[in-house]
Amino acid sequence: MLFLFEYYLGKAICKHYFSCAQRIAVIVFICFACRSQMISTEDCEFIKKFEKATSEEKQVILTQEGHQCAKTFLNLMAHISKEQTVQYILTLIDDTLQENHQRVNIFFDYAKKTKNTAWSYFLPMLNRQDLFTVHM
């Protein structure tokens with residue numbers, strides 16, 4: 001029971017944390033990563049568009065570009081080691097799924113197209129040092 005309380009308290013703190021100045025720092029880091037070719041321009045453009053979209057706009061984006069959404073989120077999780085950025089991406093994924101649980105199919109469909117399981121992208125998160133990332 002205490003674990004669940006800590007998990008949800010951590011999520012609430014992280015969401016507030018990212019709604020402040022750190023959110024801007026993460027986006028700046030992602031843009032820097034794009035310019036230094038750590039991530040693709042396509043992923044950078046998508047995350048900037050998705051990040052500033054309203055809930056209704058996100059629904060349209062996910063309907064039209066679900067494959068790109070999953071690809072971008074999973075690429076960022078896999079290729080960026082900065083813990084704050086990984087936490088932010090996981091929080092975006094969580095928010096997306098909390099708004100509509102059916103959106104999980106976006107990740108399953110992407111995994112099927114890439115001949116993987118959806119879990120194979122998330123399992124490495126369990127080996128990270130940060131407990132928030134592990135429990136997210």
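The model is predicted. Helix α3 spans residues 41–52. The helix has twelve residues. From the first C-alpha to the last, α3 reaches 17 Å. That span is close to the 16 Å expected at 1.5 Å a residue.

One group of α3 residues is buried. The group consists of D43, C44, F46, I47, F50 and E51. They cover an arc of only 165° around the axis, which puts them on the same side of α3. The group includes D43 and E51, as well as F46 and F50.

Other α3 residues take part in salt bridges. The model has five salt bridges in total. Three of them are described here, beginning with a pair that joins two helices. The side chains of E42 and K71 form a salt bridge, with 2.7 Å from N to O. E42 belongs to helix α3, whereas K71 belongs to helix α4 (residues 55–79), so the pair ties together parts that are 29 residues apart in sequence. E42 is partly exposed, at a relative accessible area of 43%. K71 is also partly exposed, with a relative accessible area of 21%. The cut-off for buried is under 20%, so K71, at 21%, does not count as buried.

K49 and E65 form another salt bridge. The closest N and O atoms of this pair are 2.6 Å apart. Because K49 lies in α3 and E65 in α4, this bridge ties together parts that are 16 residues apart in sequence. K49 has a relative accessible area of 35% and is partly exposed. E65 is partly exposed at 24% relative accessibility.

The side chains of K48 and E45 meet at 3.4 Å, N to O. K48 and E45 are three residues apart in the helix, so about one helical turn separates them. An α-helix has 3.6 residues a turn, so residues three or four places apart point the same way. Relative accessibility is 28% for K48, which counts as partly exposed. E45 is partly exposed too, at 43%.

Notes. Residues numbered from 1 in each chain as written. Predicted model: local features only at pLDDT ≥ 70, side-chain atom pairs only at ≥ 80, totals over all residues. Heavy atoms only, no water. Salt bridge = Lys/Arg side-chain N within 4 Å of Asp/Glu carboxyl O. Helix = DSSP H or I, 4+ residues; strand = E, 2+ residues; numbered from the N terminus. Buried < 20%, exposed > 50% of the residue type's maximum accessible area, 1.4 Å probe, protein only. Expected span 1.5 Å × (residues − 1). Arc of directions from axis to C-beta.
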